[in-house]
Amino acid sequence: MMNKTVGEKLKMLRKAKNMSQEEVADSLHISPSAYARMERGESTSWAVHFKRICEVFEIAPEELVREEIGVKTYESLMNIDQLIDYSMLGVYRKIIRKYELEIEDLKSIIKHLNKEQE
């Protein structure tokens, strides 16, 4: 849900700035296809580029992740620091889980290799 919200916001902001996807991608130092995935809501990588996106589009951080429920409602729910942390939490959890799974795989490989050497 958050990826779609951010993707729609990115597209709107880009068009408002009269920029191409390639121009935004260059500003973020990523490939145009990676940026296009962000706009389509198919990628969480916007979180990695959160600060730079806000700089490129000259917006406050909460503007990027705010769903259209109203500024006052969002501001009453959390301040900007909490909002940034909240928006990143899901991404961090996915990254951590990915590495935990990789670690488990590596442990299994090491265990298997140790048995072969015995």
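Q: Why is Arg14 called buried?
A: Happy to start there: in this predicted model, Arg14 has a relative accessible area of 10%. Buried means under 20% relative accessible area, exposed over 50% and partly exposed in between, using a 1.4 Å probe and protein chains only. Since 10% is under 20%, Arg14 counts as buried.

Q: What should I know about how these values were made?
A: Residues are numbered from 1 along each chain as its sequence is written, and side-chain values use heavy atoms, with hydrogens and water left out. Because the model is predicted, local features need pLDDT of at least 70 and side-chain atom pairs count only at pLDDT 80 or more, while totals for chains, interfaces and linings use all residues.

Q: Where is Arg14, and what does Arg14 touch?
A: Arg14 sits in helix α1. Helices are DSSP runs of H or I with at least four residues, strands are runs of E with at least two, and both are numbered from the N terminus. Not counting residues up to four places away in sequence, Arg14 touches Met19, Ser20, Gln21, Val24, Tyr35, Glu39 and Phe57. Contact here means heavy atoms within 4.5 Å.

Q: What makes a set of residues the largest nonpolar core here?
A: A nonpolar core is a set of buried Ala, Val, Leu, Ile, Met, Phe, Trp, Tyr and Cys residues joined through side-chain atoms within 4.5 Å. The largest such set has 22 residues, and Tyr35, Phe57 and Leu64 have the most contacts inside it. The elements giving two or more residues to this core are α1 (2–16), α2 (21–28), α3 (32–39), α4 (50–57) and α5 (61–65). Helix α4 gives the most, with five residues. As for Phe57, its contacts beyond four places in sequence are Leu10, Leu13, Arg14, Lys17, Met19, Val24 and Tyr35.

Q: Why are α2 and α4 called oblique to each other?
A: Two packed helices are described by the angle between their axes and the distance between the axes. Axes are lines fitted to C-alpha atoms, for helices over the stretch in contact, with angles from 0 to 180 degrees between N-to-C directions. For α2 and α4 the angle is about 125°, and their axes are 10 Å apart. Angles under 35 degrees count as roughly parallel, over 145 as roughly antiparallel, 65 to 115 as roughly perpendicular and the rest as oblique. The pair is therefore oblique. In this packing, Val24, Ser27 and Leu28 of α2 meet Arg52, Ile53, Val56 and Phe57 of α4.

Q: How do you know whether Ala25 is buried or exposed?
A: Ala25, in helix α2, has 0% relative accessibility and so counts as buried. Beyond four places in sequence, Ala25 is in contact with Ile30, Ser31, Pro32 and Tyr35.

Q: What makes Thr44 partly exposed?
A: Its relative accessible area is 26%, which falls between the cut-offs for buried and exposed. Thr44 is in the loop between α3 and α4. Leaving aside neighbours within four places in sequence, Thr44 is in contact with Asn3, Val91 and Lys94. The C-alpha atoms of Thr44 and Val91 are 6.6 Å apart, although 47 residues separate them along the chain.

Q: Where is confidence lowest and where is it highest?
A: The mean is lowest in helix α6 (residues 71–77), at 45, and highest in α2, at 95. These are pLDDT values, the predictor's confidence in each residue from 0 to 100. The chain averages 79, and 79% of the residues score at least 70.
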